[in-house]
Amino acid sequence: MPTWRIVMRAVSRLVATGLVLLLAALVTVPTGAQEAQRVMEMPDILAWKSMRARAVSPDGAWLAYYLAPTEGDSTVVVRALSGDAEYSFEVGELPMFGGGSVEFSGDSNWLAFQVRPDRAAAAKSKKPLPNSVGLVDLTSGEMTKLERVRSFAFGGTDVAWFAVHKMAPDGRDDEDWKGSDLLLRRTSDGTTLTVGNVSEYAFNDTGDWLATAIDTEGRTGNGVQAREIASGRVLPLDSAEAAYQRINWTDEGDAFAVLRSVKDDDYEEELVAVMGFADLGADAVRRVEYDPSEDEVFPGGMTINASHTPEWTDSRDALLFRIHDSEMTEEAMAAAEAAAEAEEAEDEMAPSADSDDVDTADLVIWHWRDRRLQSRQQVVQGADRNFGYLSTYRVADDRFIQLADDDIRSVTPAPGHRWAIGSDNDEYERQQSLDGQNLVDISIIDMHTGERRLALEGVRWVFGASPDGKHLLHYGDGNFFSLDLETGESVNLTGDLGVAFWNVDDDHNVVKPPRFQFGVGWSDDGSHILLTDGWDIWKMGADGSDPVNLTVNGREQQVRYQRVFRLDPDLDGIDLSAPLYVTTYGEWTKKRGIARLDASQPGATGLLWDDAAFGSLLKAEEADVYLFTRETHADPPNYYVTDASLADGRQVTDTNPQQAELAWSSGVQLVDYESVKGAKLQASLFLPANYEPGKKYPTMVYIYEKLSQGANNFYTPSANGFNKSVYTSAGFAVLMPDIVYEINDPGQSAVWSVLPALDAAIATGVVDADAVGLHGHSWGGYQTSHLITQTDRFSAAIAGAPLTNMISMYSLIYKNAGIGNGQIFEASQGRFTGGPWDVTDAYVRNSPVYHAENVTTPLIILHNDKDGAVDFTQGVEYYNTLRRLNKNVVMLQYVGENHGLRDPANRKDYTVRMREFFDHHLRDLGMPGWLQEGVDYLDMEAHLKERAQAIADEVAAAAEAAAAEKAEAEAGTETEPAESGTTGQAGGQ
């Protein structure tokens, strides 16, 4: 039976019970020529696959990536970039966000990837299941699966070795014993070595050496070793009854540093020493050790911080590490205090009560002089507790130098390790927590001596040091500056170039903010800097000499040259000796592309330019093989293989072939309009599937700030409320307008921008003016909640997590970060010039709650009780105000959820309810019972179970139908058995 018939049968049953699901929106099933394309259903959304964690083999022969659905088990696809060979392997279900890793061997003959438990097994298990790793021989497509794996890594190039770190055996109850087996497999012949009790391992960059930390039961055999891969020679470098951790190789792979921790009964944490090993291939390994417990100069009550990774300096003349306080145990502290008291007269001090017998208050003291709110201190307490003061041990001088301290806590070594950059905001931190103006003082620190020089005072924007460690880029008052770290002198890089390098399009309450760098920056040798004026990319010397506009005509052509692709991830900057590939964007056409620059002469060569987006560009490490992704509003991102010219790209991935079965938007129109204040703006109008010219369609208006730049982006179908692709599939038009802001009028600015956009969209003949819905989330939820107080032109609206009272919101806490909202209101999205006492009228006229009596639009508010961005009380305040005024309002509160929805059941539930709401108000479809009458609290559990089961039945029915169709298609087809250990292979064999 076709899937849609099964679903329609389920829908008919649900309509009878008042549970109108997402697919109740199927007004009719397309017939005739359109029969092959159906409206997107919940099962399609959950099965929709996207690429994750891709990699290209060094020789450019293979592309590998995860293909992961929204829900369900994923596949690793390995695709030949010449020819049609393709392998695929089932790898279990990835987490909703992130997960999975793929890695090619240095000789390009092997691929390894993480294999997670499959969805069914994970659901049945009462405890987390271990991960595995798949190792694929690319010459045959055969996969070997290794179970219970912590991590894996390849080492070596000509001869590849594969390291697999196994999990500890089940039942081990000694948390201090972290060692487990490390398998070393030579891929050429399968020879495998086992190193026992390994807690940590790391190949150097070339794969010539492998460092391992050994951790045994009771620590009796602990140590650190280095294995020369080619010869198999093992060098025992240190051993002690200690834990070794945080192995860190130099970039050149000729030395590594490691921490050694020992227990001390007098301290809560272990005491740490740092060790460095170099010249591993020499007759005698160079060994450096710094143990603070043996140094009288080292600050008392402190130790090296084991939470931070140590490193060698580039010149191998010092070790870098971080230190922190080391708390004594209560017993040791009591003993120390008793010893001190014994030296005084016994009658001078009464004995103190035993702390264990004292009931203490559970209290937090908020003081007006606090530099950081107590809530902020609570959020960052982990970072504060693990904070480490940067320090160094100078080997030749046998000298410890503390580079950071309480006067300058934030210290970052510049490349080359001659200088360090100290950043101090003590003078400004309290005020910054109030108004959002982030200022710091910058000091230059001599890493050889610890000497400090104040270089910059009260600066807001400081960017990174040059890769050669000689200059620091900073910005102020509309210009970029280069600070010479040796002399302390700054030169203005942009002041004489005749164009603005500040963001003239930024409408926040910030004076002349810089353009974000879009991937431009320092050259890899530090000799030059690339900067953008928003249209063109400029090159100049680190001292400001010889400035040149590389792209020449961006401003004239209204094309923005934006991001320089970093094709070699090992470089610390941009390689100006090689061609530069830069993204391009047409400000008013919305076309995107990729252009090529030669840094030695001005002028850009356009390589790709289309009504599309090109988000990724990869290059094989050792071959002239390039891959780019191309997407449009109707085509998901897929990779195309080509050469350096990027011409004649051949598509090599097809992430969602089932899309051909689904109804999709018929196109996108750019709508030009002006705001009430005269700003030239655009909106993207996405046409519904099967659009017929002259016919008017129900329309969803989705708002945030500027959205028209997404006209050529693909919107992956999702079940998390509103989704452009899902709604256009169901026959809605979708309008995404631009909003620009006037200072002190964030809400009114939305009115001045959105309503003219709606007028212009209606004028196209696409939009049914009597069936327009409005939705936004967070800041878009605020704009939604305010717009409906100023107009009755929307038939229905849903405001997700909205700010509704700007006065009360100002003084609440942004709990996710622990900061006060005042700094957001004055220096970020709020766009106010002060607090409510400064511009009271502005706060009132832009607060929806004060204009609630004007609302005539049926409204749903989504607001969750654990929202850490917009306080839950904002939704409650608006809901109660509207309810008091007898307005048509419903609030959805997903218990325990934050600013957005993470739980899959909640995401699906919200998606269905949103669709039911807009279907009723924009399409005159039936009103479900929960929307018409609400649900009593005592009936809520049964109501939710019934709806969840209905969604599950729908998905199961579709899966059953798909399986039946697949079985029918495969019936009678003979298949050869897979080779031993091979999960799956197809094509080109």
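A salt bridge joins the side chains of Arg394 and Asp317, with N and O 3.0 Å apart; a salt bridge is taken as a side-chain nitrogen of Lys or Arg within 4 Å of a carboxyl oxygen of Asp or Glu. This pair links distant parts of the chain, since Arg394 belongs to strand E23 (residues 389–394) and Asp317 to the loop between strand E21 (311–312) and strand E22 (318–325), 77 residues apart. Helices (DSSP runs of H or I, at least four residues) and strands (runs of E, at least two) are numbered from the N terminus. Arg394 counts as buried at 9% relative accessibility, whereas Asp317, at 23%, is partly exposed. Here buried means under 20% relative accessible area, exposed over 50%, and partly exposed in between (1.4 Å probe, protein chains only).

The model is predicted: local features need pLDDT of at least 70, side-chain atom pairs count only at pLDDT 80 or more, and totals for chains, interfaces and linings use all residues. Residues are numbered from 1 along each chain as its sequence is written, and side-chain values use heavy atoms, with hydrogens and water left out.

The structure holds 42 salt bridges. One of them joins Arg186 to Asp189, at 2.9 Å from N to O. Arg186 is partly exposed, with a relative accessible area of 27%, and Asp189 is also partly exposed, at 46%. Another salt bridge is formed by Asp919 and Arg915, whose closest N and O atoms are 3.3 Å apart. Both residues lie in helix H16 (residues 904–923), 4 residues apart, or about one turn of the helix. An α-helix has 3.6 residues a turn, so residues three or four places apart point the same way. Asp919 is buried at 3% relative accessibility, and Arg915 is buried at 1%. Salt bridges also link Arg371, Arg372, Asp384, Asp426 and Glu429 in a network.

Arg79 is located in strand E3 (residues 75–80) and, at 10% relative accessibility, counts as buried. A polar atom of the Arg79 side chain lies 3.0 Å from the backbone oxygen of Gly83. The backbone oxygen of Val652 lies 3.3 Å from a polar atom of the Arg79 side chain. Beyond its neighbours within four places in sequence, Arg79 is in contact (heavy atoms within 4.5 Å) with residues including Ala61, Trp62, Leu63, Asp84, Arg650 and Val652.

An open antiparallel sheet is formed by 4 strands in the order E40-E41-E42-E43; two strands are taken to pair if DSSP finds at least two bridges between them. Its edge strands, each pairing on one side only, are E40 (617–619) and E43 (650–651). E40 pairs with strand E41 (residues 626–630) in the antiparallel sense over 3 bridges. Within this pairing, Leu617 stands opposite Phe628 in E41.

Helix H10 (residues 746–763) has 18 residues and, at 1.5 Å a residue, should span 26 Å; its end C-alpha atoms are 26 Å apart, which agrees. The expected span is 1.5 Å times one less than the number of residues. Of the 18 residues of H10, 15 are buried, so the helix is largely enclosed by the rest of the structure. H10 is followed by Gly765, which has a positive phi, near 90°.

How values were computed
Polar contact = N/O pair within 3.5 Å; in protein donor to acceptor, adjacent residues only side chain to side chain.
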